[in-house]
Amino acid sequence: MLGPVILAASRSDRMRRLISAAPVTKQVVDRFIPGETVDEIVPIVQELTSRGLELTMDVVGEDITTPEQAEAARDAYLALVDRLRTLELGTRAEMSVKLSMFGQALENGHELALANVRPVVEAAAAIGTTVTLDAEDHTTLDSMFAIHEELRKDFPQTGCVIQAYLFRTEADARRLAAAGSRVRLVKGAYNEPAEVAYQQKHEIDKAYVRALRILMEGEGYPMVGSHDPRLISIARELARQAGRKPDEYEFQMLYGIRSDEHLRLAAEGHRMRVYTAYGTDWYGYFMRRLAEKPANLRFFVRSMITRG
């Protein structure tokens with residue numbers, strides 16, 4: 001399978017330099033990351049929301065090695081909040097954050113990440129929107145869930161992400177499927193060992209459905225993070241069985257992937273949120289998009305050949 005190879009490359013400085021230097025790379029990256037600055041991303045926000053879509057915004061970048069870099073990441077999100085304030089979109093434009101950007105892997109990283117992310121969550125709440133904590137590799141999850149629980153004491157709308165391929169996820173789903181919670185379910189995009197995660201696609205798909213059923217039958221607000229047509233169909237059926245109305249759950253997909261499906265679901269009355277990343281430190285995010293789906297890798301390779 002190519003996925004683990006690509007994920008390993010996502011942490012290789014040599015591969016980062018090689019791919020970043022390729023003349024065609026920027027053209028292909030733009031498919032998934034439509035801008036590098038807040039000024040560049042605002043027109044994208046306006047265009048998508050004008051078409052009935054909602055967004056969750058991600059400032060890309062995870063290789064944080066100093067507290068100063070973590071503070072800079074915090075300030076980048078605060079700048080995003082300031083721009084969203086002028087658009088007056090409320091929850092139609094929320095934010096997603098990776099706690100690694102806020103210093104989670106540094107010395108005293110748990111406390112540092114909490115201290116840096118709290119002002120972002122507070123600022124988001126002040127303009128009528130919210131923040132979702134993205135899941136990263138399995139070694140970071142206990143810290144992420146603890147920070148999520150702490151933030152929800154003052155900001156109960158704060159969301160979090162669970163990953164279907166991890167063995168622990170069904171238990172996490174049961175714990176999180178409580179009134180007022182917001183939980184995004186994804187398949188998972190990190191190179192996890194067989195000791196903690198399913199490795200085969202059919203196993204991951206079945207685990208996804210089991211966790212999704214728990215969320216749909218719970219009292220919280222499920223966010224269905226998938227581009228898989230079969231899983232989207234199953235999600236709709238599970239929502240129907242659970243008696244959920246279209247505004248009691250939502251679909252989430254990545255910017256640049258199945259854009260026609262974004263519009264189709266929105267036109268049918270579903271809440272459809274587009275995960276929209278921007279920033280200059282795009283490499284890790286881009287490589288995980290390639291690893292998630294062979295079609296993305298084929299698109300990149302074909303572009304390298306035809307445009308290189």
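Select asparagine 108, in the loop between S2 and helix H6 (109-126); helices (H or I, at least four residues) and strands (E, at least two) are DSSP runs numbered from the N terminus. Asparagine 108 is exposed, with a relative accessible area of 57%. Buried means under 20% relative accessible area, exposed over 50%, and partly exposed in between, with a 1.4 Å probe and protein chains only. The phi of asparagine 108 is positive, near 55°, in a residue other than glycine.

This is a predicted model, in which local features need pLDDT of at least 70, side-chain atom pairs count only at pLDDT 80 or more, and totals for chains, interfaces and linings use all residues. Residues are numbered from 1 along each chain as its sequence is written, and side-chain values use heavy atoms, leaving out hydrogens and water.

Glutamate 88 is not a glycine, yet has a positive phi of about 55°. Its relative accessible area is 72%, so glutamate 88 counts as exposed.

Now select residues 182-186, strand S5: four of its five residues are buried, so the strand is largely enclosed by the rest of the structure.

Move to glutamate 261 in helix H11 (residues 259-267). Is glutamate 261 buried or exposed? Glutamate 261 is buried, at a relative accessible area of 10%. Its side chain makes a polar contact with the side chain of arginine 264 (2.6 Å). A polar contact is a pair of N or O atoms within 3.5 Å; within protein, one must be able to donate a hydrogen and the other to accept it, and residues adjacent in sequence count only if both atoms are side-chain atoms. Leaving aside residues up to four places away in sequence, glutamate 261 touches Ile232 and Met253, where contact means heavy atoms within 4.5 Å.

Finally, show the whole chain, with 13 helices and eight strands. Of its 308 residues, 54% count as buried. Among contacts between residues at least 6 apart in sequence, 73% join residues at least 24 apart.
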